[in-house]
Amino acid sequence: MSPTVLITGANGQLGTVLTRALRERYGNEKVISTDVRPAPAGEPGRFELLDAMDEENLRQLVRREGVTQIYHLGAILSARGELDPMRTWKVNMDALLNVLEVARTEGVDKVFYPSTIAVFGHNADLSCTPNHSVLNPTTVYGISKAAGENWAQYYFERYGLDVRSLRYPGIIGYQSAPGGGTTDYAVEVFHSAVAGEPYTCFLAAETTLPMIYMDDAIRATIELMEAPKEAVKIRTSYNLAGCSFAPAEVAAAIRRIRPDFTMEYAPDFRQDIAAGWPDRIDDAPARADWGWKPAYDLDRICTTMLEHLQQRAA
Ligand code: AKB
């Protein structure tokens, strides 16, 4: 039987695409998308305005709709989070704890909690960060996600709540805009290339970061959520790798298709954030436990992004 799914933060970069994928899989009626902002016009399916910081509203919705799975995507990301650290901590933690408490007390079967490469920091091996690395995040977003991972594990171990989690790299997709992250340049650059404009990157040319194409991120999320319970052996969060590249490499890959494209560099405060993040992460446990394998490398990401954005511009 199809689950009844509730998604928070459904209007965000990942939420927009994941909501569509889950509706295709489980049916429009079975997937309730929610956000603090109204839904974009024309999206099919059920939408409710919801702030997950409001536990009572969240509880009523879960109870009324008989929700069996929650994908809790709402959060303030790394770069925007640094502009107001206290608010970021409050939003990211209060909403998660509400979701976990409501899920536990209302008998929800499964919760998905997105984590991030921002949980790592300078004391980790940033050349290829293992899953069970030391976590010493440098942003309030990373601190909140590291704490959230531990809460996820706590709810699983103490209450048996089936919480599953992935540490996403920067996500690259043409369908939705990223919002306030340090990896946002890797989406913006394609929009500039298609518009025939030069791009000024807010990271330095050689700053390598882990990235993943949207289709891979969506497939990984659904594969993890549908994996047999006993296959999910890590209850903090799984490292999830796609490919790794630096701004200069993505510029060169775009130029192989659009030779006139140019990129300049004006690193800002996001460079300091990126400096504490891994170049690449080791996702061996995800591969071993539930069969993860990415399909998109940098060249395939470039070809696909440019094709789709060009079609939309035409
Ligand atoms: C960000 O840059 O903050 C996010 C992330 C890597 O979690 N895209």
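Predicted model: local features only at pLDDT ≥ 70, side-chain atom pairs only at ≥ 80, totals over all residues.
Me: Where do I start with the nonpolar core, and which residues have the most contacts inside it?

Reply: Start with the general idea. In soluble globular proteins, nonpolar side chains tend to be buried together. Here the largest nonpolar core has 93 residues. Val99, Val111, Ile172, Val189 and Leu240 have the most contacts inside it.

Me: Take valine 111. What is it in contact with, leaving aside neighbours within four places in sequence?

Reply: Valine 111 is in contact with Ile70, His72, Val99, Leu100, Ala103, Leu161 and Val163. One of these, Val99, is also among the core residues with the most contacts.

Me: Now a strand. Which way do the residues of E9 point?

Reply: In a regular strand the side chains alternate between the two faces of the sheet. In E9, Leu209, Met211 and Tyr213 point one way. Pro210 and Ile212 point the other way.

Me: Are the residues of E9 buried or exposed?

Reply: Buried, five of five. The strand covers residues 209-213.

Me: Which strands pair with E9, and in what sense?

Reply: Take each partner in turn. Strand E7, residues 170-172, pairs with E9 in the parallel sense over three bridges. Isoleucine 171 has isoleucine 212 as its bridge partner there. Strand E11, residues 243-245, pairs with E9 in the antiparallel sense, also over three bridges. On that side, proline 210 is bridged to serine 244.

Me: What does UniProt list for residues 5-240?

Reply: An unreviewed UniProt entry lists "domain: NAD-dependent epimerase/dehydratase" for them. In the model, that stretch is 40% helix and 19% strand. Its end C-alpha atoms are 23 Å apart.

Technical notes: Residues numbered from 1 in each chain as written. Core = buried A, V, L, I, M, F, W, Y, C linked by C-beta atoms within 7 Å. Buried ≥ 20, exposed ≤ 12 C-beta atoms within 10 Å, placed from the backbone. Contact = placed C-beta atoms within 7 Å. Helix = DSSP H or I, 4+ residues; strand = E, 2+ residues; numbered from the N terminus. Pairing = 2+ DSSP bridges. UniProt positions renumbered as here; feature names shortened; annotations may be inferred.
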